[in-house]
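Here is a brief report on charged contacts and annotated helical spans. Please have the coordinates open while reading.

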Amino acid sequence: MSQALLLNLLFFLLGLPLVSAMLAQFISEKYRWLNPLIAVFLLLLTTITGISICVAQWNEAPVLLEHTWFSLGNYTITAGFYINNVTLVMVSVVSFISLMVHLFSSGYMAGDRFEKSYYTMLGFFTFCMLGLVLANNILLLFIFWELVGFSSYTLIGHWREKAIAAKAAGKAFVINRIADLGFIAAILILYTQTNSFSLTEVTQLTNEFWRNAAAISLLIAVMGKSAQVPFFNWLPSAMEGPTPVSALIHAATMVVAGIFLLIRMFPLFSPEALDIVVIVGSITALLGALAALHQYDIKKILAYSTISQLGLMLAAVGSGAYGVALLHLFTHAFFKAGLFLSAGAIIHVLHQAQHTAHVHFDVQDIRNLGGLKKMMPITLVCFAICSAALSGFPMLSGFQSKDAILVSLFNWSGNSWRLIFTWTVVVSFVLTIVYSVRMLWYIFFATAKKTSLLRVSEAPGILRIPIILLSLCSLWFVVSVHPLEYNGWLLNSIQPAKHYLFITWLSMILIPTLSVIAWWWYKSKELSRVYPVLKNGFYLDRVYDKAGKNTVLTLAYTAKKSDQGIDGFIHVLAYAQVTFAHLLAWFDKWIIDGGVNGIAWMARQTGALARSFSGGKIQTYIFWTTFTLIIFLFWILF
Amino acid sequence: MPIQPLYILSALLLSIGLVIVIVKRNAIMVLMGIELMLNAANINLIAFNQKTPQTLDGQVFSLFVMIIAVCEAAIGLAIILQVYRHYKTSVPDEVTELKG
Amino acid sequence: MSLLNFTFYFFCTMVAGSAITLLFVKNIFHAALALLSCLLGIAALFILCMAEFSAVAQILLYAGGVVVLLIFGIMLTNKSGAQPIAIGNTGIFGGVLVGGSLFFLMLFFVNKSIFILPIQKPSAESNTIKTIGVELLTDYVLPFEITGILLLAVLAGAATIAGFKPSKN
């Protein structure tokens, strides 16, 4: 493909979601039914463009389309697109998931009060995410990075009249901003060290110290965006947003921007820095899985599951197999989006049913659900496929990518201390199976509780299509033709991973076994009690509240005090000025005016004196006569 | 008799007379001041006459001075009466016909 | 101090005191009385200076003539039955300045030169009145005559002025 055509296609790719966003804003209330139609159509075009670019450029040499952005003195900052296999995978994933979510939204969000701004922000987010993926300039990347954060903020707070949603949006925004300090630090370090913002150039940094510093700073930014320990608490709260948004932003695309960044910046990471990445990732994977096991809210379960899976991706990158991380990103995007959308379908359907039956309970709470297997068979199948992919069942894409992660981690750890973290990841795998089974069991197979009060039917077609498509994409063939082979089209073109057949076979046997055990476990007993520590996400919110609030309050108090000091100083200055002004006024009044007046007075007195000579008063005449005589006498005699 | 105190006395009388003439807001008082000044001159004449007791020139002069003083007083009082009749005042300041 | 000296300084003090009283007194009638005492004191000093004739003339002319004339003036320029006019002051600063400076000027020159009287021999044989009479009609005959004419003119003038009444129109 020629560069000019490629550039045009890329502009097309970026422009269509943006046009969709703008049109959503301009379509009048009267034609609001046009909104989803136009958005879905434009996103369909975007997806076709994206996939066609991907197909056309696949395995071609990386293309760098650069233009001068602006010049500062001698420094020329260039901005451009960088296209290699990684970005192509990301483009296809983002556009495809976005299409699915738009499609789903047209059913899910129908009749929503803020539908207009919803489609605007959804289109805008897609544009920003594509821009983030394609940008070759770290500054540009940062801008898009912040813009997706902003879109996420607005979409989490979509139902803005809900105080909890607004608070969750604020929380997500603030925590991301704190983590983004790392990004800024990384940009500063990279620019001062390499004099460039270009991603291809900054990764060539050789200075060991600054390389590590930049890597760690970037890691902090990634930890914020990808909800890693200790910044993960914003993601469960973000579930206050609409479910399709959670699927798009908080499962499939935006949160994996961190992973994408790590993959793009991979050359910058030294083995030591990568070790830290694995440690962070594996701990997050374990904690996320633990917390997911103890949630009642479907979306919270999925959110913690996402955190856990993101931890896995981080661990994969840290083990050096960034291709494997990308593979897991790819597969996870489909099955997690599928899970979210299925959950969304369930919620939607139950909400509708609640409306007709006039019964009200929290439809997201799995304690209230159950017995949906008969009512929503198609959703059940899709949900089961996706959660099986999540837990790593053979014949599904999840098995392949997780297998690859496990192999690469065992390769990375060998027989050293690193084995601890590898086993941490293994434990998180086991936990994943357990919570997947728990979720599946309580939603569909357990005896119907409050749902028995409702007349529930299958989700409407517009909701079913994306779910079915996504669960189809969770099957093995999206990775490779061979169901146990992970080195498919993707890994072969990016970074082929090593095989370790023992692990593959073992997990093939163990995963279904564990699933069955878990199944029996949940079947045999009532809903197990949960640990508050895990349910509340390790009280991270409260810790932040305590630590953050107190620090901020102390800081604010100090600032206030110092401000008062400054105010006092200013007051003193002002008083001094006023006093000085008074002095000046006094001086003006008495010295300057007084001088002028005095001269006038003197003139008047002189005049009066001169007039008094001829005032007609005899005694005055006598006085002046004798006075003159006396002066004359003095003059003569002395 | 010592002569020095007489000079000092005459100087004092002259000065007081002058002050009265300038300061007092009454025409008759002014006349008195003039009398005082003339008397100061007389004292001087008499005192100096002591240096030449044979000739008595000073005494003769003092006589003339007295006569002049009496004339002045007579005429002055006549004028003051006339002024009082005309202006209904004996305050010399209030008679400002000599204003230039 | 001899009695003579005492008398002399007594009258000096009396004259000076009367003059100062005259300066400060508010009531114009009291002023006239102060002037009278001053003039009488001066007459006494004249006697002490061996000028009997002048002293007598002083008493006759001033105390008997001028002061009475002044008191008549006071009466005539005062509304009947009203309080005697309080004498106000004007231009005190100028007056005090002129008077004070004149006084100190004269005091300075009086103190600068020393006047010594010749040794006095009592002139019992010489008759002062006779000598003055001779002088007036010999050496000073012209001034004497002119004085007479002046007195006549003053007599006529004073009568005319005082008797002048403004016409009705």
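## Model and salt bridge count

This is a predicted model. Side chains of opposite charge can pair when their charged atoms come close. Over all chains, the search finds 6 salt bridges.

## Loop-to-loop pairs in chain A

A:Glu161 and A:Arg113 form a salt bridge, with the closest N and O atoms 3.6 Å apart. A:Glu161 sits in the loop between α5 (138-156) and α6 (163-194) of chain A, and A:Arg113 in the loop between α3 (85-108) and α4 (115-134), so the pair ties together parts 48 residues apart in sequence. A:Arg113 counts as exposed because its relative accessibility is 61%, and the cut-off for exposed is over 50%.

A:Lys162 pairs with A:Glu240; here the closest N and O atoms are 3.5 Å apart. Buried or exposed: which is A:Glu240? A:Glu240 counts as buried, at 18% relative accessibility. Buried means under 20%. A:Lys162 counts as partly exposed, at 33%.

## A helix contact and a network

A:Arg418 meets A:Asp275 in a salt bridge, 3.1 Å from N to O. The pair links distant parts of the chain, 143 residues apart. A:Arg418 is in the loop between α16 (397-413) and α17 (419-445) of chain A. A:Asp275 is in helix α12 (residues 271-292). A:Asp275 is buried, with a relative accessible area of 10%.

Which residues does A:Arg177 join in a network of salt bridges? The network links A:Arg177 with A:Glu146 and A:Asp180.

## Annotated spans in chain B

An unreviewed UniProt entry lists residues 6-23, 30-48 and 60-81 of chain B under "transmembrane region". In the model, residues 6-23 of chain B are 100% helix and 0% strand. Their end C-alpha atoms lie 25 Å apart. Residues 30-48 of chain B are also 100% helix and 0% strand. For that span, the end C-alpha atoms are 28 Å apart.

## One residue in chain C

C:Phe29 is found in helix α2 (residues 28-48) of chain C. At 36% relative accessibility, C:Phe29 counts as partly exposed. C:Met75 is 46 residues from C:Phe29 along the chain. The C-alpha atoms of C:Phe29 and C:Met75 are separated by 9.1 Å.

Technical notes:
Residues are numbered from 1 along each chain as its sequence is written. Chains are lettered from A and ligands numbered from 1 in the order in which they are written. This is a predicted model: local features need pLDDT of at least 70, side-chain atom pairs count only at pLDDT 80 or more; totals for chains, interfaces and linings use all residues. Side-chain values use heavy atoms; hydrogens and water are left out. UniProt positions are given in the numbering used here, feature names are shortened, and annotations may be inferred rather than shown by experiment. Helices (H or I, at least four residues) and strands (E, at least two) are DSSP runs, numbered from the N terminus. A salt bridge is a side-chain nitrogen of Lys or Arg within 4 Å of a carboxyl oxygen of Asp or Glu. Buried means under 20% relative accessible area, exposed over 50%, partly exposed in between (1.4 Å probe, protein chains only).
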